[in-house]
Amino acid sequence: MNARTLTLPPALAQTREKARAWWKTRAPRERLAVLAAASVVGLFLVWMIFVQPAWRTLREAPVRLDALDAQLQQMQRLAAESQGLRGVAPVSQAQAAAALKAATDRLGDKGRLSMQGDRASLTLNGVSPEALRGWLLEARGAARVRPTEAQLSRGAQGYSGTIVVSLSSGAAP
């Protein structure tokens with residue numbers, strides 16, 4: 001099928017003929033102005049649809065790649081830490097309880113530990129963020145426990161609340 005044998009619907013053919021008649025009645029200067037305006041609108045549409053999104057993607061890609069690389073590195077560190085923790089020998093409940101007691105003693109009068117079977121509950125009263133972080137790291141590393149519940153609030157003196165840990169997560173039977 002070529003363009004000469006293609007027939008348009010009557011309404012579209014009539015509109016095309018009206019547009020041709022209107023174009024022929026325009027002065028050359030007007031035709032030039034209409035062509036210039038149409039070119040500007042066309043260039044604007046090309047810019048908005050094709051160029052600007054691609055340009056934005058190119059501009060934002062390095063920042064996104066850096067963020068994704070940082071996330072990947074963090075995930076790899078966590079995976080390596082997880083593998084390392086799997087290879088660590090479990091401790092008995094008595095050893096875990098002793099390690100938790102030693103860590104709690106470092107908190108002084110700001111922390112109180114109570115044991116209930118395979119769970120331990122730490123009550124905090126004004127503990128600094130560094131001291132709490134240290135307690136959690138020691139509980140995780142030396143006692144091989146994991147927090148199961150935490151209800152903490154941060155005040156002017158530090159953190160207050162309770163942390164419940166499970167002794168059976170890495171403990172030997």
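**Ser166.** I started at Ser166, which sits in strand β4, residues 159-166. The model I am reading is a predicted one. Is Ser166 buried or exposed? Its relative accessible area is 7%, so I logged Ser166 as buried; the cut-off for buried is under 20%. I then listed its contacts, leaving out residues up to four places away in sequence. Ser166 touches Asp118, Val145, Arg146 and Thr148.

**Gly158.** Next I looked up Gly158, in the loop between β3 and β4. Gly158 has 8% relative accessibility and therefore counts as buried. Which residues does Gly158 contact beyond its neighbours within four places in sequence? I found Gly126, Val127 and Ser153. I also took one distance along the chain. Gly158 and Ala37 are 121 residues apart in sequence, and their C-alpha atoms are separated by 67 Å.

**Helix α4.** I moved on to α4, residues 129-141. The helix has 13 residues. From its first C-alpha to its last, α4 reaches 18 Å, close to the 18 Å expected at 1.5 Å a residue. Which residues of α4 are buried? They are Leu132, Trp135 and Ala139. Looking down the axis of α4, I see its buried residues fall within an arc of 60 degrees, so they line one face of the helix. Glu130 and Arg133 are exposed on the other side of α4.

**Salt bridges.** How many salt bridges does a search of the whole structure find? The search gives six.

- Glu138 and Arg106 form a salt bridge, with the closest N and O atoms 2.9 Å apart. This pair links distant parts of the chain: Glu138 is in helix α4, while Arg106 is in the loop between α3 and β1 (111-116), 32 residues apart. Glu138 is partly exposed, with a relative accessible area of 23%. Arg106 is exposed, at 57%.
- Glu30 and Arg26 meet through their side chains in a salt bridge, 3.2 Å from N to O. Glu30 has 37% relative accessibility and counts as partly exposed. Arg26 has 23% and also counts as partly exposed.
- Glu17 and Arg20 form a salt bridge, with 3.6 Å between the closest N and O atoms. Both residues lie in helix α1, residues 10-25. They are three residues apart, about one turn of the helix. Glu17 is partly exposed at 44% relative accessibility. Arg20 is partly exposed at 43%.

**Surface patch.** Last, I checked for nonpolar surface. I found a nonpolar patch of about 990 Å². Which residues make this patch? They are Val41, Phe44, Leu45, Val46, Trp47, Met48, Ile49, Phe50, Val51 and Trp55. Phe50 lies in helix α2, residues 28-87. Is Phe50 buried or exposed? Phe50 counts as exposed because its relative accessibility is 58%, and the cut-off for exposed is over 50%.

Key. Residues are numbered from 1 along each chain as its sequence is written. This is a predicted model: local features need pLDDT of at least 70, side-chain atom pairs count only at pLDDT 80 or more; totals for chains, interfaces and linings use all residues. Side-chain values use heavy atoms; hydrogens and water are left out. Patches are made of residues with over 30% relative accessible area and no salt bridge: like charges are joined within 9 Å, nonpolar side chains (Val, Leu, Ile, Met, Phe, Trp, Tyr) within 5 Å. Accessible areas come from the Shrake-Rupley method with a 1.4 Å probe; for residues, only the protein chains shown count as cover. A salt bridge is a side-chain nitrogen of Lys or Arg within 4 Å of a carboxyl oxygen of Asp or Glu. Helices (H or I, at least four residues) and strands (E, at least two) are DSSP runs, numbered from the N terminus. Buried means under 20% relative accessible area, exposed over 50%, partly exposed in between (1.4 Å probe, protein chains only). Contact means heavy atoms within 4.5 Å. The expected span of a helix is 1.5 Å times one less than its number of residues. The arc is that of the directions from the helix axis to the C-beta atoms.
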